[in-house]
Amino acid sequence: MIAAAMLTSAASAQTTPPYGLKKAKALYTEWVKDGAKYQPKKKAYYDQKLAALSLREQFTYHMIGPEAFTQICSMIPMRENARIRIYGTLNPYDFGMEGMYEGWSARQRDFFETHRDSVLTWLQAVIENQGFVGLNAQHLIIDLKGKELIPTLLTIYDHHGDNDILTTCMMLMYEYPPFANSAVNDQLQKSQPNTFSKYIRATPENIKAIRELATQFANFVEVKAGAYWVGKEGSQRNPLRKVTINAFYIAKYETTNEEFEKFVTATGYKTDAERHHDAMVFEPPLKEFRWIQDTTAYWRYPNGKTRGGIEKKMNHPVTCISYRDIQAYCTWAHVRLPTLEEWEVACRAGTKTDFFFGDDETKIGQYANVWHGHDHMKADYSDGYMYTSPVGSFKPNPWGLYDMYGNVFEFCSGQVSPTESKSVAHARGGSWWCSANACDSYNSYAIGQVNIHASFSNQGFRVVISSPAPPGK
Ligand SMILES: [Ca+2]
């Protein structure tokens, strides 16, 4: 107890409860007593006092006031009908009062949007500490499209079963195609306005569906429609050019063994490697670009049975699967592979340099599980992993995507040229096997190729979902 108390007092008042509430409240109280709301000439004085607070204290101030009393009375934003219906479960009293609620003040909104990432971190600390999500917080999470908080929301839901949290999740993924096309959203769309009994009922099936969709949604990043630079000057296979793409959602992580196992359990699917016993594996010492065929290797034993299975590697990317296998997975999971161009747009995250972190290839080890040895004659564990690593073990790219380089090659759809064989597939981003000497810049812009039935223990994939949702169902 003593140690804990010491820790608390030693920790910054900025990051521990009550999050600067005392100072924020004092300023708010002064502002109310002073009647400043009705005296515009006092604005500069209070603006100055507010600016003197730390950012964390300012956040608390913005959350509690001074417009808070109207927000508490009328917290529900009035949007189009279906959204109102979702919100109806939060607060039926506000139902139908379109136009009455104006949301956060410009001052508050400016602050929240300018400091979005910090605000979400602070919000998370607040709701974790208090163990529930208040209406103010829910509203702010939705306004900031704070999908980063979905894991926190679901954890709190597990402890307290507050259905408003599921409603918050639904609001966050309102435009996410798998939710827009889901049975729970169907129920919403079909329900009659002003009939509360027909709102989403918290049945076990609905709760399960919303939870699963929200968890999935939290693991995707939206790439906006637009024109983006891809390729490299002088490259024949991938010349520098601007491409126009539609919006899509891309998985933050490579598809894992755990996810692939769900597919196999549900469908009984047999991979190419299991049918043809021709998977290619690696074990040092091997000369550059040499691999061994191993008849025992398939996704459960990606390096062959003698080198162990995936029992303790369920959060690693699935490997030893062919392009054809991936098509079957995607059909089952209602997802698809990114095109070559979509993959590169997502990887580049708006950059035009050779890598999303610049042109200095030597920095790749911060972002990727790669091979640091001079050659492949000796095992290389220098970054902790000779083979695959758990997804998300290294730093993400600027859009929050992990393992875009290294770990496993990621299959993409599409062709490099219209004349190439239909039996050729392409993968991007390099793998754990790739080194500065053995790979062409980790395939950041270079594009490799492989047979659609071939299986290697350094090939995997990540998936995307088209956006917006197709109209209707
Ligand atoms: Ca490595």
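Student: How are H10 and H11 oriented to each other, roughly parallel or roughly antiparallel?

Tutor: In this predicted model, the axes of helix H10, residues 150–160, and helix H11, residues 163–172, come within 9 Å and cross at roughly 160°. Angles over 145 degrees count as roughly antiparallel. The two helices H10 and H11 are therefore roughly antiparallel.

Student: Which residues of H11 are met by residues of H10, and how many residues of this contact are nonpolar?

Tutor: From H10, the residues Ile150, Leu153, Ile156 and Tyr157 take part, and they meet Ile165, Leu166, Thr168, Cys169 and Leu172 in H11. When the residues of this contact are divided by class, there are no charged residues and one polar residue, while the nonpolar residues number eight.

Student: What is the handedness of the crossing of H8 and H9, left-handed or right-handed?

Tutor: Helix H8 covers residues 116–130 and helix H9 covers residues 135–143, and they pack at an angle of about 150° with their axes 11 Å apart. The crossing that H8 and H9 make is left-handed.

Student: How many nonpolar residues does the contact of H8 with H9 have?

Tutor: On the H8 side the contact involves Leu123, Val126 and Ile127, which meet Ala137, Leu140 and Ile141 in H9. Sorted by class, the contact of H8 with H9 has no polar and no charged residues, and its nonpolar residues number six.

Student: What percentage of the residues of the protein chain count as buried?

Tutor: The protein chain has 18 helices and eleven strands. Of its 473 residues, the part that counts as buried is 36%.

Terms used: Residues are numbered from 1 along each chain as its sequence is written. This is a predicted model: local features need pLDDT of at least 70, side-chain atom pairs count only at pLDDT 80 or more; totals for chains, interfaces and linings use all residues. Axes are lines fitted to C-alpha atoms, for helices over the stretch in contact, and angles run from 0 to 180 degrees between N-to-C directions. Helices (H or I, at least four residues) and strands (E, at least two) are DSSP runs, numbered from the N terminus. Angles under 35 degrees count as roughly parallel, over 145 as roughly antiparallel, 65 to 115 as roughly perpendicular and the rest as oblique. Two residues are in contact if their C-beta atoms, placed from the backbone, lie within 7 Å. Ala, Val, Leu, Ile, Met, Phe, Trp, Tyr, Cys and Pro count as nonpolar, Asp, Glu, Lys and Arg as charged, and the others, Gly among them, as polar. A crossing is left-handed if the near helix is turned anticlockwise from the far one by less than a right angle, and right-handed if clockwise. A residue is buried if 20 or more other C-beta atoms lie within 10 Å of its own, exposed if 12 or fewer, and partly exposed in between; C-beta atoms are placed from the backbone.
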